[in-house]
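Student: I'm new to this one. Could you pick a single part and walk me through it closely, with a bit of the setting first?

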Amino acid sequence: MDNILKTKELIKGLKGEITIPPDKSISHRALIFGALTNSKIKIKNLSKGEDCISTLEILEKLGVKYEFISERDLILNSSEGLSASKKVTLNCNNSGTSARLLSGLFSRCDFSCVLIGDNSLSKRPMKRIIEPLGLMGAKIKSNDNKLPLEIEGTKLKAITYYSPISSAQVKSALILAGLGVDEPTRIYEKTLSRNHSEIMLSYLGADIKTGQDDKGYFVEVKKSKLIPKDIEIAGDISSAAFFMVAGAIVPNSDITIKNVGINPTRTGILDVFKQAEIDFTILNKRKVSSELVGDIRVKYTKNIKPFEIKGDLIPRLIDEIPILAVLASKIQGISTVSDAQDLRNKESDRIKTIVDAFLSLGIDIKEKPDGFIINGCAEINKSAILETHLDHRLAMSYYVLSLINNQSMEIKGFNCVNTSFPEFLKLMDKLKN
């Protein structure tokens, strides 16, 4: 894939069926929780994006063995447990999920390690996990609350933690730490973040419970021995989102995206589609390893309505905001995103980068501290060179934007898509008519 992608002429529509790659969030958890079974299990339909491979390679360095038996199915063997003979350096590369979740796990292991990452990951905030893990007694040294993290495994204590942000990574780090503590660790959130960890751990027989009381949503976990079970991974709605929006805004489109995870903590984009009155349906609903799955059919919708994203909706679609900004750019009227200040802490400052890119295309967008306001238009008719800042979601969002731009575009740094979705262009080409 070229590092600079030059987009081509407008297409006549997107039609057909595709199966999108496995969910990255669930894939990370399948590898980590699977490794904690101290057994041999099969993981079906694992994401092979670079982030998930980073997690797999870290586990391998700690004694976990694996063998791919097909393109996306592997046997994971953790019979000998996790161990390191000396302080070991473990490279998370670009994966924030690897760094944050594994920090929780390694804080209670009987070895020491140093977590490092690439330049982008090394700039991302880690205080959100260092602080609560420190309350549990974790021994973590950092570079001003950023990577590298030096972690000395130790015996932890249970806490009740009221998270100031709704973050599945923070919650999962504390859950992984709490799995090694006899007394219950309880984590509260004001709004419910994605709950793949809770679902998978329950599936694997962990001592875990969830609920809601007057203090918020909570998950409670204590020391558990996990039951070895095969794990099958649903398709990633975050990856499906690019095709869903493309199907809605490219004239003459009618597409079906198969095997998509539709966990309610991840389906904020469907709520936005309902707000916008986009023509879509969910078919063939079912459960896969306790996760809800379905096929999503989306048709081109001519008169899409403006939408508003804020509050409790944010944790359920934080990763989809860049592509939903593309949707807003096509809608006649004003759409707004608020309460999304955490977008500034992603692979790039997604608020600023989206605003800069849209302004270069002549799209009416105004930056806010916690989001933006977009006054959409019927047509985009301006060539531009857009910089991805090595942010994979921006790269794919800009590509979808190019499908409705009457002029050619260049997308710089497009190969960053390999971190999450190397099949992206191939699947787009399959749908083109």
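Tutor: Let's begin with a term: helices (H or I, at least four residues) and strands (E, at least two) are DSSP runs, numbered from the N terminus. By that count, the protein has 12 helices and 23 strands. Keep in mind that this is a predicted model, where local features need pLDDT of at least 70, side-chain atom pairs count only at pLDDT 80 or more, and totals for chains, interfaces and linings use all residues. Residues are numbered from 1 along each chain as its sequence is written, and side-chain values use heavy atoms, with hydrogens and water left out.

Now the setting. Along the principal axes, the C-alpha atoms fill a box of roughly 60 × 45 × 45 Å. Of the 433 residues, 58% count as buried, meaning under 20% relative accessible area with a 1.4 Å probe, protein chains only. As for contacts (heavy atoms within 4.5 Å), those between residues 24 or more positions apart make up 75% of the ones with a separation of 6 or more.

So which part gets the close look? Let's take helix 6, which covers residues 196–203 and is mostly covered, with 6 of its 8 residues buried. Those are His196, Ser197, Glu198, Met200, Leu201 and Tyr203. What do the buried residues of helix 6 pack against? Their partners include two helices, helix 1 (24–35) and helix 5 (168–178). Strands join in too: strand 12 (208–213), strand 13 (216–221), strand 14 (231–232) and strand 17 (291–299). Finally, look just past the end of helix 6, where Gly205 takes a positive phi of about 85 degrees.

Conventions
Buried < 20%, exposed > 50% of the residue type's maximum accessible area, 1.4 Å probe, protein only.
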